[in-house]
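Biologist: I would like to go through some labels on this structure. For each one, tell me the value and the cut-off behind it.

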Amino acid sequence: MPATFYQKYYDTAEKALKLILFDKGSSPKLFLRAKCLECMGILVRKVGQDVLKNWEVIKFMKTIVSVEGELNNTDHLTRCVILKALDQFCRCSRVNIDKIINQTTPMLLRCAQLDVNLTTSMPKDVSLDDDKHLVESVRVQACNILSCCAVRSAQIFSPYISMVTDMFLSLLGCTSFETRKASISALPNLLLSIDVGVEDINNKRDIANFIVLSMIEALHKETDSDLSKRMLRLLPKCIQISGSYFNSHVIEIIANVISGTLKKIIGNEIEREKEAETLEGGSGTLLTDETIKDTNFLIGTSVETFKIRFVTHIDVLMRNVAGFLGKDRPDRVIAFAISIFNILVPQFPDKLPPYLNKYIVTACDALRENYPHAQLHATRAIGICANFGQNDQLKTIVGVCVSRLYDVMTKIYKVSRESGDVEISIATTFDTAVAALGKICEFQRDIIDGPVVVQNWLFFLPCKCDFEEAKYAHGLLSKMIQRSDKDLFGDDNKNLPTINSVVKEILSHTDRLATQEVIDQMINFIS
């Protein structure tokens, strides 16, 4: 319902709900009181955060705790409603929950560890399956509220952090899918709470290391693929939050997780493709773009966070990935392997020489075969090799690189001219190819036909889709203008009209396609 509806009836509804909840002359049933509290929480969250006084919030919260305390061990339905009410109040961003943490946390810990006692007599109209479902709902809600409170009230929550951490980590081995999911999702919030609320640095370090090690142990044991993916997606967040506290042992285990995950994912995909070709004569279900993105994010986060502390693990990682480079690999596997090199090489360029030939040849092969998934990563790889590779290693292959980039840019350019529009992913590949060719012009000019390649590069400018690549390419153009690059301007300045045209088009999109410094330089150039 729209907020205007809630606002219109807020005052009337609030008075009625307060009357039911707080009238000393009436004694409504616990379930009715729980539903009133839930309704009040919804109203406050929707429209009443600025209206309700803080003392009133505390009163509602204390009522929630009081009602829950009156429930018997098998009244899971009412307990579920109570927690829904508490969740609404705790997620009100303008409601201060600090004063009720000490009352609610023990209750939430008890609810989060609730289990079905098969020896307890239950109402005849409630089946065992229904009861199990309600227990699971109670546990999940309690976990979610604890996770929220841990971040929103980190300082007040800190005395409970060890107890809550132990509880969440114990639930990683729970047989319930939803409970495991809730406990996994809460771990980054626990680390945030520790970072803010725990003062002792040694205590911070011990708990952070314990959480991540337990998470990795659970990842190895997890049998559900969706939860495994969720853990891999959350592990980088944990690294970003608490990576500075991790010791060398934890970093080594994370590096092993990355290497093991890469082998497992790529090995499984290669095997599945072989089986699909044998059975159906076609390709099977390969790596998803999400899997590639998540794994690359884990690698990139580890490299960025640990920096020099991660360098001892790079050789093993690159060696493992290099084993999956080659034209005999499936498209998505090649895309995956190249994309990982694209992350590692700029951070550790001194590690490139042993792998450069296989890396760049695989990229060129992917472009020649027109692999749709590997194309973007392959064009970026050529630019990275041009930037960090040595002339003597590249001189035998640079001509092929230029040719492959020409092919990619020309095909996309023709499509854009004929249809007037191209998909964003294809336009991004075009910009990446243009930027890669620019890097060849900038870093490998001595081993190419400079006047020809630079003039062709100018023809494909400006870049308009990938803003990072555009800023690089247009920054390079500006530098070449500033130094009156002979290859750029050509004999008798024959390329000057094209340069002016490109610069004017860049300036018509100044907010996205160039830095302020480059914009100023270009304005001075055409003035």
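Biologist: Why is E369 called partly exposed?

Modeller: Its relative accessibility is 41%. Buried means under 20% relative accessible area, exposed over 50%, and partly exposed in between, with a 1.4 Å probe and protein chains only. So E369 counts as partly exposed. R368, at 39%, is partly exposed too. This is a predicted model, where local features need pLDDT of at least 70, side-chain atom pairs count only at pLDDT 80 or more, and totals for chains, interfaces and linings use all residues. Residues are numbered from 1 along each chain as its sequence is written, and side-chain values use heavy atoms, with hydrogens and water left out.

Biologist: What makes R368 and E369 a salt bridge?

Modeller: The N to O distance is 3.2 Å. A salt bridge needs a side-chain nitrogen of Lys or Arg within 4 Å of a carboxyl oxygen of Asp or Glu. The pair therefore qualifies. The whole structure holds 18 salt bridges.

Biologist: What does the salt bridge of K351 with D315 tie together?

Modeller: The closest N and O atoms of K351 and D315 are 3.3 Å apart. K351 sits in the loop between α15 (331-347) and α16 (356-368), and D315 in helix α14 (residues 314-322), so the bridge ties together parts 36 residues apart in sequence. Helices are DSSP runs of H or I, at least four residues, numbered from the N terminus.

Biologist: Is K351 buried or exposed?

Modeller: K351 has 17% relative accessibility, so it counts as buried. D315, at 31%, is partly exposed.

Biologist: How do you know that D485 and R445 form a salt bridge?

Modeller: Their N to O distance is 3.0 Å. D485 lies in the loop between α22 (467-482) and α23 (486-489), R445 in the loop between α20 (424-443) and α21 (450-460), so the pair ties together parts 40 residues apart in sequence. Both D485 and R445 are buried. Shared partners join R445, R483, D485 and D487 into one salt-bridge network.

Biologist: Why is α17 called roughly parallel to α20?

Modeller: The axes of α17 (residues 375-388) and α20 cross at roughly 15° and come within 8 Å. Axes are lines fitted to C-alpha atoms over the stretch in contact, with angles from 0 to 180 degrees between N-to-C directions. Angles under 35 degrees count as roughly parallel, over 145 as roughly antiparallel, 65 to 115 as roughly perpendicular, and the rest as oblique. So α17 is roughly parallel to α20.

Definitions and conventions:
Helix = DSSP H or I, 4+ residues; strand = E, 2+ residues; numbered from the N terminus.
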